[in-house]
Amino acid sequence: MTKLWGGRFAKSTDGMVEEFTSSISFDSRMYRQDIAGSIAHAKMLARCGIIGGEEAGRIVEGLTGILHDIEAGRFSFEVSLEDIHMNIEKRLTERIGPVGGKLHTARSRNDQVALDTHMYLKQEIAVIAGLLTDLQQAVLDAAEKYPAVIMPGYTHLQRAQPILFSHHLMAYFFMLVRDFSRLEGVWSRTDLMPLGAGALAGTTFPIDRHWVAEELKFGGLYDNSLDAVSDRDYILEFLSFASILMMHLSRLSEEIILWSSAEFSFIELDDAHCTGSSIMPQKKNPDVSELVRGKTGRVFGHLMAMLTVAKGLPLAYNKDLQEDKEGLFDTIDTVKFSLTVYASLLRAMKVNADRMSEAVRHDFSNATDMADYLVKKGLPFRQAHEVVGKAVLYCIEQNKWLMDLSLSEFQQLSPLFEIDILEALKVETCVEARNSFGGTSPLQVGQAITKGKGIIFRQ
Ligand code: ARG
């Protein structure tokens, strides 16, 4: 296939080099953006008197025909034409003749690819925002579905204090709220229009970048042409957003995997979200959570790769920047899949409330409450801590829980104990008593859920 840039070359490109430098195998997914950008560019060229109105009309018609061909599967992408931009431009000239060659006036592939990528990412951010909101809703629904279930809360993965299961879930909800707000930040800096930067320095033609920006629904434009063609911050920011989001989902995955083990048995995943073993007939594996946890690694990798690609680049465009797309696209696909699959997994998951409450009743996670009891009777916290530490040791020796101690045993530990200690040590009391703002009491969690609904509503 003859090259669009063939004029300066006396020899044809090595086949291996064509394959190595080509990006069509992955950038063809931006065909819609490429065509929409070209249509806006052609219209602008005509409005500014740079090409004729009738010429622009033929270009727009040709591009629209190409769009239909691609969507109908009638377009074959050529590796020898390198990328989506030249595949489409070449076909345009084949369709409408030499006037097609006027489309690239006052434009370079450098600002063209930047435009396409901004537009593509904006479209995908909107989709991801919707999926993220749906996952927030699924988390919130699960929290509302189990308002009274008490479970052990952990630090160091050791039982620490009793908490509401809904409180635990709401922790993830608020992580996802921050993710959403980070995504909004990414959007605002992706919403800048680079076209018109030309190859790097602007153009000699009297173009109207502001009109193009408005036509393509951009909120603003790049102020500097060198920056416009070499900036990949918006991609890096998206990859950072995605990495943090995936890290959250990976933490949740880790908990889901633990909770669905026989050792915990806190939850049961729906059969639809698990797979079996080819050898062990009894197995029901939490593959979805494992894969989300695993795929988090590749998203981190894409962020690191892009940072590394960008770090040594002189201004402005360098071919290295073509490496921005595969990681970005893979991240978009991974995030969309992970969000979708998690919303459905949470909606179908069953909670084993009995197991959770049994776990929390047979441990020492009410020890802090026993110390707080003594503090409320006037004992300094450090001394109370010491007394309860001794009580725990005593219980371990006697093979008992704190709740099993008799009043006289309590009073041997400290004369401050009275009969109401038994009430104070009940897990329900412990949970209810943590009524500080943001705490695990039913009142606080109820307020958090109400606040969460408001956040989703405003998003
Ligand atoms: N396929 C290229 C990319 O993705 C388009 C820009 C090519 N520009 C150039 N001067 N070779 O970056």
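The buried residues of helix H14 pack against helix H15 (381-398), helix H17 (421-424) and helix H18 (427-433). Helices here (H or I, at least four residues) and strands (E, at least two) are DSSP runs, numbered from the N terminus. A residue is buried if 20 or more other C-beta atoms lie within 10 Å of its own, exposed if 12 or fewer, and partly exposed in between, with C-beta atoms placed from the backbone. Two residues are in contact if their C-beta atoms, placed from the backbone, lie within 7 Å. H14 itself covers residues 367-376, and its buried residues are Ala367, Asp369, Met370, Ala371, Tyr373 and Leu374. Just after H14, glycine 378 takes a positive phi of about 110 degrees. Glutamine 398 belongs to helix H15. Glutamine 398 counts as exposed because it has 11 C-beta neighbours inside 10 Å.

The model is predicted; local features need pLDDT of at least 70, side-chain atom pairs count only at pLDDT 80 or more, and totals for chains, interfaces and linings use all residues. Residues are numbered from 1 along each chain as its sequence is written.

The protein chain is assigned domain 1 (14-105), domain 2 (110-205 + 220-354) and domain 3 (359-449). These bounds come from an automatic or database domain assignment. The centres of domain 1 and domain 2, taken over C-alpha atoms, are separated by 33 Å. Domain 1 gives 13 residues to the contact, and domain 2 gives 12 residues. On the side of domain 1 that touches domain 2, helix H2 (24-27) and helix H3 (31-47) each supply at least two residues. H3 provides the largest share of that side, five residues. By class, the side of domain 1 that touches domain 2 has four nonpolar, six polar and three charged residues. Ala, Val, Leu, Ile, Met, Phe, Trp, Tyr, Cys and Pro count as nonpolar, Asp, Glu, Lys and Arg as charged, and the others, Gly among them, as polar.

Two UniProt features span parts of the chain. The unreviewed entry places "domain: Fumarate lyase N-terminal" at residues 7-301. That span is 60% helix and 6% strand, and its end C-alpha atoms lie 40 Å apart. UniProt also lists "domain: Argininosuccinate lyase C-terminal" (unreviewed entry) at residues 364-432. Residues 364-432 are 65% helix and 0% strand, with end C-alpha atoms 17 Å apart. UniProt positions are given in the numbering used here, feature names are shortened, and annotations may be inferred rather than shown by experiment.

Aspartate 111 counts as buried because it has 28 C-beta neighbours inside 10 Å. Not counting residues up to four places away in sequence, aspartate 111 touches Pro194, Leu195, Gly196, Ala197, Gly198, Ala228 and Val229.

A nonpolar core is a set of buried Ala, Val, Leu, Ile, Met, Phe, Trp, Tyr and Cys residues joined through C-beta atoms within 7 Å. The largest such core has 97 residues, of which Val139 and Phe238 touch the most other members. H6 supplies the largest share of this core, 14 residues. Leaving aside neighbours within four places in sequence, phenylalanine 238 is in contact with Leu121, Val186 and Leu328. Another core, of 13 residues, lies apart from the largest one and includes Ala367, Ala371, Tyr373 and Val388.

Several loops carry backbone features. A cis peptide bond joins leucine 315 and alanine 316, with omega about 0 degrees. Alanine 316 lies in the loop between helix H11 (287-311) and helix H12 (324-348). Histidine 156 is not a glycine, yet has a positive phi of about 55 degrees. Its loop runs between strand S1 (150-155) and strand S2 (158-164). Histidine 156 is exposed, with 6 other C-beta atoms within 10 Å. Serine 265, also not a glycine, has a positive phi of about 50 degrees. Serine 265 sits in the loop between helix H10 (233-259) and strand S5 (267-268). With 15 C-beta neighbours inside 10 Å, serine 265 counts as partly exposed.
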